[in-house]
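Hi everyone, thanks for making time this morning. Let me put the structure up on the screen, and then we can walk through it together.

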Amino acid sequence: MTLLGAVTPVPATAETTPVVAEVGNGMKKTYAGYYWTEVDGEEVMMLVLNEIVVYPPMKFKNKKEEEFYWRTVRDVKRALPYAKLICETLTETYEYIETLPTQKEREDHLKKMEGAVFEQYKPQLKKFTKGQAQMLIKLINRETNQSSYSILKAFLGSFRAGFWQTFGRFFGVNLKTTYNPSKDSKDAIVERVATLVEQGVL
C-alpha cells in the first residue's frame, strides 16, 4: 500500500526526505471550533461541538451475526487511524506537488514519500490480517469518496495502479472495493462502528 503518511511542505530537493506523520487513534475532535461573543456585558468563548450520532442498541439474529459485528469492531479500530492518515496525506501531497514546477520533480517527490512510508509503516502493515487489509481499503473509500485504485491511478498513473491492483489481488485484497452503507448491510455495520469509534464511545 502506498501514499501513507503526511508530508511537510518544504522544497523537494535531492537531499529532502518527506516526513511521515504518526498514526492517530481514529477519533474526531469533540468540537469543531470556537468563537467569542458577548453575554450580559462579558466576553465569553462559545465552543461549536461536532455532531453526535446515536444508534439504537445492537440486536443480533444469531451467533454468526454477532461474531461479524465484533470482528468488524476489531478491524475498524485497527484500520481507521491509517485510513484517516491516508486521507490527510493525499490532501497535503496534492497541494504540495501542485507547487512543484515540473513533472519530474513531482514524480521524484512521490517516490521519496513512498520510500519513507514503507520504511516507517511496513512492519505495522505486515501484521494486518487479510480482513484488516480489506477493511483499510474500504475505509479509505469512506474517508476520500474514492477507491484506492482510483487514488493510485491519479497519483501514479494507470500502469503502476494496475500493478498494485494485481499485487493486492494476489493476497486477496481488491483495491477497487466500494463502500456503500446506504445499500450494503455489511457496510452499514462498518459505518456504525467507524462513527462510534470516531466519537470515542466504542
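Predicted model: local features only at pLDDT ≥ 70, side-chain atom pairs only at ≥ 80, totals over all residues.

Let's start with helix H1, residues 63-97, and helix H3, residues 130-144: their axes come within 8 Å and cross at roughly 45°. The crossing of H1 and H3 is right-handed. And who sits in the contact? By class, H1 with H3 brings together twelve nonpolar, four polar and six charged residues.

Now, on to the charges. How many salt bridges does the count come to? Eight.

Take aspartate 187 and lysine 138, whose side chains meet in a salt bridge at 2.9 Å, N to O. This pair links distant parts of the chain, with aspartate 187 in helix H6 (residues 185-198) and lysine 138 in helix H3, 49 residues apart.

Arginine 74 and aspartate 75 form another salt bridge, their closest N and O atoms being 2.9 Å apart. Here arginine 74 is partly exposed, at 45% relative accessibility, while aspartate 75 is buried, at 5%.

Finally, there's a network of salt bridges that links Lys84, Arg142, Glu143, Glu191 and Glu198. Within it, glutamate 143 pairs with arginine 142, with 2.8 Å between the closest N and O atoms. Arginine 142 is buried, with a relative accessible area of 16%.

That's my tour, and I'm happy to take questions.

Technical notes: Residues numbered from 1 in each chain as written. Heavy atoms only, no water. Axes fitted to C-alpha atoms, helices over the stretch in contact; angles between N-to-C directions. Helix = DSSP H or I, 4+ residues; strand = E, 2+ residues; numbered from the N terminus. Left-handed = near helix turned anticlockwise from the far one by under 90°. Nonpolar A, V, L, I, M, F, W, Y, C, P; charged D, E, K, R; others polar. Salt bridge = Lys/Arg side-chain N within 4 Å of Asp/Glu carboxyl O. Buried < 20%, exposed > 50% of the residue type's maximum accessible area, 1.4 Å probe, protein only.
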